[in-house]
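This report describes the fold of a single protein chain.

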Amino acid sequence: GILAVKAHPQGRLYHVAAKGKSVSVLLTFHALKRIARWALTVRRVLEALLFPEEVVRGHRNRFIAQRRWEKHVLRVVYEYQGDTPVVITAYFPRAKRYFRGGGSYEDHILP
């Protein structure tokens, strides 16, 4: 669950407990706007990020964590600043367009 939320110059820093570990994740102002625009919740975005069905490589050496909900897939685009995952954007398109079947991981935030 979410332990704490702090203001950050680039957005909001979420401190999260998951799988017995504590993780800090930065959601940029842009990502927060996109989460609101798609009527998503921060909790659902963090869940997709930390417990994805698959993670693929995106542009500019970024990663895309993907998790399906019914006929759609939540795509969370992120990169790292040091050890901190930084969520650039999130969106919720139809799964058939992007989802590759799961089980493939180009990156893991949690082991």
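Arg-97 belongs to helix H3, which covers residues 95-98. The model is a predicted one. In it, Arg-97 has a relative accessible area of 64%; the cut-off for an exposed residue is over 50%, so Arg-97 counts as exposed. Between Arg-97 and Phe-51 there are 46 residues in sequence, and their C-alpha atoms are 21 Å apart in space.

**Elements and sheet**

The chain contains three helices and seven strands, and from the N terminus they follow the order β-β-β-α-α-β-β-β-β-α. The seven strands make up an open sheet of mixed pairing, ordered E1-E2-E3-E7-E6-E5-E4. From one strand to the next the twist averages 30°.

| Strands | Sense | Bridges | A bridge pair |
|---|---|---|---|
| E1 and E2 | antiparallel | six bridges | Lys-6 with Leu-13 |
| E5 and E6 | antiparallel | seven bridges | Arg-68 with Val-73 |

Two hairpins involve E5. The hairpin of E4 and E5 has five residues between the strands, and Arg-60 takes a positive phi near 55° there. The hairpin of E5 and E6 has two residues between the strands, and Glu-70 in that turn has a positive phi of about 55°. Strand E5 itself is largely enclosed by the rest of the structure, because five of its seven residues are buried.

Helix H1 lies across E1, E2, E3 and E7, and runs at about 35° to E7.

In soluble globular proteins, nonpolar side chains tend to be buried together. The largest nonpolar core here has 28 residues, and the ones with the most contacts inside it are Leu-27, Leu-49, Leu-74, Val-76, Tyr-78 and Val-87. At least two residues of this core come from each of strand E2 (11-18), strand E3 (21-28), helix H1 (29-37), helix H2 (42-50), strand E5 (63-69), strand E6 (72-81) and strand E7 (84-91). The greatest contribution to this core is that of H2, at six residues. Apart from this core lies another of eight residues, including Leu-13, Ile-64, Ile-88 and Tyr-91.

What does Leu-49 contact, leaving aside its neighbours within four places in sequence? Leu-49 is in contact with Val-25, Ala-65, Val-76, Tyr-78, Val-87 and Ile-109.

**The chain overall**

For 111 residues, a compact globule would have a radius of gyration near 13 Å, and the chain agrees with this because its own value is 13 Å. Along the principal axes, the C-alpha atoms fill a box of roughly 35 × 30 × 30 Å. Of the 111 residues, 46% count as buried. The chain exposes about 6500 Å², of which carbon and sulfur atoms supply 48%. Among contacts between residues at least 6 apart in sequence, 42% join residues at least 24 apart.

How values were computed. Residues are numbered from 1 along each chain as its sequence is written. This is a predicted model: local features need pLDDT of at least 70, side-chain atom pairs count only at pLDDT 80 or more; totals for chains, interfaces and linings use all residues. Side-chain values use heavy atoms; hydrogens and water are left out. A nonpolar core is a set of buried Ala, Val, Leu, Ile, Met, Phe, Trp, Tyr and Cys residues joined through side-chain atoms within 4.5 Å. Buried means under 20% relative accessible area, exposed over 50%, partly exposed in between (1.4 Å probe, protein chains only). Helices (H or I, at least four residues) and strands (E, at least two) are DSSP runs, numbered from the N terminus. Contact means heavy atoms within 4.5 Å. Two strands pair if DSSP finds at least two bridges between them. Axes are lines fitted to C-alpha atoms, for helices over the stretch in contact, and angles run from 0 to 180 degrees between N-to-C directions. The radius of gyration is taken over C-alpha atoms; the globule rule is 2.2 Å times the number of residues to the power 0.38. Accessible areas come from the Shrake-Rupley method with a 1.4 Å probe; for residues, only the protein chains shown count as cover.
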